[in-house]
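Work through the exercises below with the model open. Try each task before reading its solution.

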Amino acid sequence: MDYSRCRAVFGTLAIVSLSLSCLSASCFSQRQKHAEAERLWMNKNLSADERADLAMKEMTLDEKIQLLHGNGMPMFDPLTPVTALSNRGGGYGIGIPRLGIPALDMCDAAYGVRGSAQNGRYSTALPADVALAASWDTAAAFEYGALIGRELRAQGYNMSLGGGVDITREPRDGRTFEYLGEDPVLAGTIVARLVAGVQSQHIIGDIKHYAFNDQESGRGWVNVNIGERAARESDLLAFEIGVEQGHPDAVMCAYNRVNGVFSCENNYLLNEVLKKDWKFPGFVLSDWGGTHSLEKASAAGLDHEEGESFFYGERYKAAVESGKISMPELDEHVHRILRSMFAAGVIDYPQWRSVVDPFAGREVALKIEEDSIVLLKNDRAALPLDAAKIHTIAVIGAHSDAGMISGGGSAQVDPPGEKAFIASPEAPTPPNVEVWFPTSPLKAIEARAPHAIVKYDSGADPAAAAAMAKGADVAIVFAYQFESEGSDLPNLSLPGNQDDLVARVAAANPHTIVVLETGSPVTMPWVKAPAAIVEAWYAGSDGANAVGNVLFGTVNPSGKLPNTFPESEADLPHPTLVKPPPESRHFSGHVSPLQEAKGLPPFQVDYTEGAEVGYKWYDAQKKLVLFPFGYGLSYTSYGYSGLSVAPGKTIKATFTVANTGARAGAEIAEVYASLPASAQEPPKRLVGWSKVQLNSGEKRTVTVEIDPKYLSIFDVQKDEWTLVPGDYTILVGGSSQDLPLKAVVSLR
Ligand code: BGC
């Protein structure tokens, strides 16, 4: 049933019941006015906290309990009388119409609104989150979130389940595309702007999966072990920045255990760190089926159970009635949920379905993809292509005649224009289905080289593809790696015959360009062979045009890697991914409370690398990498000069960036710090950056303010961030391994 009709029905029922006790028209309108006046929580001049308390005072025990849990996954489960009113998203919490409290209508929205087809098709597929991180563009992150928020609203939802910010500790993680890279400062800053964008549309935004859901293998029962200082300085720092700068109204706790305790009943993570240290005022909801206890989870700070009500429904009510859980403890959870609803504006701006504007969305998706593409290699200025000089182009591989790959699982977006096709040779059931978006690189190339003969080869037979490439002026090989929630990559190789394909085509044609569509880094045994390599990620609704614009130079690439590309898996902190023991491998997803009750023994993953994640690990271990964190080329060149560092409340690094080439471009100027040796930290860490737009020959002096926290260590004894007295080296440049400017500042 249509939600607006339901509201009308509810309204009618309310009028009928009032009319029974008050039959005259004037008596009725007096009562109505009285009721409005009595709804003190509707006063927008009060704070969200005050409004939550006022509303809560009116609530019965049953109504309070109702707010604490989901009611199945309306998207997949059969509709019940309760979920009949839902919008058929990932989760649904019943509202309290008599008090004007709407239902919580939740939808996954990592790189766009999931499963939008339920309601009227046409959600925009943005480039994957990892691509957004590659833009290092905070304004783009806000726009990305605002578009998601707008489209959620148009689809009739009022809560987003996006905002993945687990850092890329394990690049084979099947959700790497949904996250924001390996650095906590980059990931935290980007997720904060993204969530602020979502919430600007009066949608409850969340960040997830708190915390350390860094691999999918056995995610429901893995126990990750990590020391407190390392935890605070790595994965938790990304969440800390996200919470403090983005002010999300919800945080989703993860499936896995951390140091022996499930995330969703982990007092250290939820109460001590998130709610106390970071002063998070919103509510914590469990990942779907990630609640494992009642009293323990409630006392530890879990506010809301999704997707069911196994613990937080009747059992919770009985625990309150028997005194096992106190009323103030219940009220604390209810307060947080209501407070978030007021703070986000979902009560003041009720949901109303409208129509998504797919054209505006496509434009945003195109612009962000153009901002995100990373040029990894460009020998002899092979790119950009000059259409006037090219007579024949061979386009090869990755279904580039039809579409571009997208990331799967609960992040999956159903794009406008139908899927190009669905392929799932290995895993025919969701969520591991390959969905290809209908954005054809072949067509984009043909449009930009109208006078050239453009031929296509699927790449199924590398020898045939190489033969076709041999006769062409340029060969463009598209190569992909698909990933999805629920499983990890077996390794970092391009799947199937693609390594062989690239090697053979590049051997046949010296002007070979490789375009990668990947979520994680890939190894490249053929790296020396092609003239150019472009990382296009999962490129979204209009990815092919963005790639076309970069290949033909309408757009000068400016993205930089948010993840290191290692030379081989042997160089990772864990060369072999730690998998669940064989007896429990048949569970591909989370452990339901019932399975948990039967008892699946945890298996251990020891994060012995601590805070040395990504480039911090390779730096500390002095390992060579294929392409370093923060790396990306341009069609122009940049020069850096004149670094000065001024200490103060924030430390200011001022320097000049010059565009020394012949084209306009945007340079991401990165600022790193080496801490005093006594801090015992990895050789350097990212502490800030600035994306600077420069015309050819233009110079600009920029100042990057460094938050002292980013220079600090987490002192476990003091339980706070602490600056270690000593000399700090500030390093500035265009990649984590190209830092020409250096200045030392003494901090005491
Ligand atoms: C995923 C979450 C998602 C939820 C609801 C879970 O399996 O881990 O990220 O939000 O499902 O779809």
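**Exercise 1.** Is Asn223 buried or exposed? Then place this residue in its secondary structure and list its partners.

*Solution.* The model is predicted, and every step below reads from it.

Step 1. Take the relative accessible area of Asn223, which is 5%. Buried means under 20%, so Asn223 is buried.

Step 2. Find the element. Asn223 belongs to strand E5, which spans residues 222-225.

Step 3. Look for polar partners of the side chain. Asn223 makes a side-chain to side-chain polar contact with Asn225, at 3.1 Å. The side chain of Asn223 also reaches a backbone atom: the nitrogen of Asn259, at 3.3 Å.

Step 4. Set aside residues up to four places away in sequence and list what Asn223 touches. One run is Arg257, Val258, Asn259, Gly260 and Val261; Pro602, Phe603, Gln604 and Val605 are also on the list.

**Exercise 2.** Which helix holds Gln498, and is this residue buried or exposed?

*Solution.* 

Step 1. Gln498 lies in helix H17, residues 498-508.

Step 2. The relative accessible area of Gln498 is 5%. With the cut-off for buried at under 20%, Gln498 counts as buried.

Step 3. Leave out neighbours within four places in sequence. Gln498 is then in contact with Phe478, Ala479 and Tyr480.

**Exercise 3.** How many residues surround the ligand? Describe the shell and its polar pairs.

*Solution.* 

Step 1. Count the shell: 14 residues surround the ligand. The closest are Asp108, Lys208, His209, Asp287 and Glu485.

Step 2. Sort the shell by type.

Step 3. Check polar side-chain atoms against ligand oxygen atoms. For Arg219 the distance is 3.5 Å. For Tyr255 the distance is 2.9 Å. For Asp287 the distance is 2.7 Å.

Step 4. Ask how far the ligand is covered. Taken alone, the ligand exposes 310 Å², and the protein buries 96% of that area.

How values were computed
Residues numbered from 1 in each chain as written. Predicted model: local features only at pLDDT ≥ 70, side-chain atom pairs only at ≥ 80, totals over all residues. Heavy atoms only, no water. Near = heavy atom within 4 Å. Polar contact = N/O pair within 3.5 Å; in protein donor to acceptor, adjacent residues only side chain to side chain. Areas by Shrake-Rupley, 256 points an atom, 1.4 Å probe, with all protein chains shown as cover. Helix = DSSP H or I, 4+ residues; strand = E, 2+ residues; numbered from the N terminus. Buried < 20%, exposed > 50% of the residue type's maximum accessible area, 1.4 Å probe, protein only. Contact = heavy atoms within 4.5 Å.
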